[in-house]
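Please look over the sequence and the structure below.

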Amino acid sequence: MVFSPQQVKFEFLSYIKEFGGRPAEWCVGCADDAALALFDRHGVDPARDIWLWKPTLSKAAARIVFRYLTEQLHMPAADEGAGRCIYLFRRSLAENGVPLPARPGDA
């Protein structure tokens with residue numbers, strides 16, 4: 001099943017509300033293989049960390065959500081935002097020694 005940009009926005013915002021934190025405490029990215037990006041590239045622990053990913057209709061649809069979250073809500077980007085799947089994870093991964101994207105305005 002694939003999701004529209006509006007469906008993904010609603011679900012991601014609901015997820016953030018449910019698990020808490022400001023958008024700046026989360027990271028968002030796009031990839032064709034979201035599991036690889038989350039678990040291998042970013043070191044997300046599938047059992048312990050908070051994460052979510054959704055396949056979208058197209059790369060353009062994923063980019064719409066990515067741009068909304070990064071430009072309107074100022075959520076840090078985990079990558080350059082390319083791919084058909086969009087993923088979200090909580091910034092608490094710093095304890096794993098995984099470098100996290102800088103927040104906008106960080107020196």
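Helices here are DSSP runs of H or I with at least four residues, numbered from the N terminus. The model is predicted.

## Overall fold

The protein has three helices and three strands. Along the sequence they follow the pattern α-β-α-β-α-β.

The protein has 107 residues, and 42% of them count as buried.

## Helices H1 and H3

Helix H1 covers residues 5-19 and helix H3 covers residues 59-72. Their axes come within 9 Å and cross at roughly 40°. That angle makes H1 oblique to H3. The crossing of H1 and H3 is right-handed.

H1 brings Pro5, Val8, Lys9, Phe12 and Leu13 to the contact. H3 brings Ala61, Ile64, Val65, Tyr68 and Leu69. By class, this contact of H1 with H3 holds nine nonpolar residues, one charged residue and no polar ones.

## Thr70

Thr70 sits in helix H3. Is Thr70 buried or exposed? Its relative accessibility is 17%. Buried means under 20%, so Thr70 counts as buried.

The side chain of Thr70 reaches the backbone oxygen of Phe66 at 2.8 Å. Leaving aside neighbours within four places in sequence, Thr70 is in contact with Val28, Met75 and Ala77.

Methods. Residues numbered from 1 in each chain as written. Predicted model: local features only at pLDDT ≥ 70, side-chain atom pairs only at ≥ 80, totals over all residues. Heavy atoms only, no water. Axes fitted to C-alpha atoms, helices over the stretch in contact; angles between N-to-C directions. Helix = DSSP H or I, 4+ residues; strand = E, 2+ residues; numbered from the N terminus. Parallel < 35°, antiparallel > 145°, perpendicular 65-115°, else oblique. Left-handed = near helix turned anticlockwise from the far one by under 90°. Contact = heavy atoms within 4.5 Å. Nonpolar A, V, L, I, M, F, W, Y, C, P; charged D, E, K, R; others polar. Buried < 20%, exposed > 50% of the residue type's maximum accessible area, 1.4 Å probe, protein only. Polar contact = N/O pair within 3.5 Å; in protein donor to acceptor, adjacent residues only side chain to side chain.
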